[in-house]
Amino acid sequence: DADATLRVRIVDYVTDVAAHSSNDTGRVSAQGMTLVVEATLVSRDGAVLMDRRRFSDKEIAFAPNMGELREARAQDMPMVTREIARRIKDATVNVW
């Protein structure tokens, strides 16, 4: 049996316009992506060590056209999730 169980739940995923093309203001050239999760850490005996603590990260994806912007967002997602995982790890080690 594990000494504790960590549950992480995605609670929000938001994209927003970070910049428009200088040639065409209707065209997005950069888009922000924010991911928010909640983490709960429960010890083997049922004690809640961390209760629904929120963690988030935001990255800005840049691209000259929408097709490339989708690809840039997909490439940025691992950076966002890695940063959130690092923050959760640090918080978990601190409360344990």
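## V37 and its contacts

Start with V37: setting aside neighbours within four places in sequence, V37 is in contact with V8, R9, I10, V11, R53, R54, F55, I84 and I88. Keep in mind that this is a predicted model.

V37 also belongs to the largest nonpolar core, which has 12 residues: A4, M33, L35, V37, A39, L41, M50, F55, V80, I84, I88 and A91. Strands β2 and β3 and helix α1 each give two or more residues to this core. The largest share comes from β2, with five residues.

## S43 in strand β2

S43 sits in strand β2, which covers residues 28–43. Its relative accessible area is 15%, so S43 counts as buried, the cut-off being under 20%.

The side chain of S43 makes a polar contact of 2.3 Å with the side chain of D45. Leaving out neighbours within four places in sequence, S43 is in contact with D3, A4 and L49. One of those, A4, is listed in the nonpolar core as well.

## R52 in strand β3

Over in strand β3 there's R52, and its backbone is worth a look: phi is near 50 degrees, a positive value in a residue other than glycine. With a relative accessible area of 54%, R52 is exposed.

The protein averages a pLDDT of 87, and 86% of the residues score at least 70. Confidence is highest in strand β3 (residues 48–62), at a mean of 93, and lowest in helix α1 (residues 66–95), at 87.

Conventions: Residues numbered from 1 in each chain as written. Predicted model: local features only at pLDDT ≥ 70, side-chain atom pairs only at ≥ 80, totals over all residues. Heavy atoms only, no water. pLDDT = per-residue confidence, 0-100. Helix = DSSP H or I, 4+ residues; strand = E, 2+ residues; numbered from the N terminus. Buried < 20%, exposed > 50% of the residue type's maximum accessible area, 1.4 Å probe, protein only. Polar contact = N/O pair within 3.5 Å; in protein donor to acceptor, adjacent residues only side chain to side chain. Contact = heavy atoms within 4.5 Å. Core = buried A, V, L, I, M, F, W, Y, C linked by side-chain atoms within 4.5 Å.
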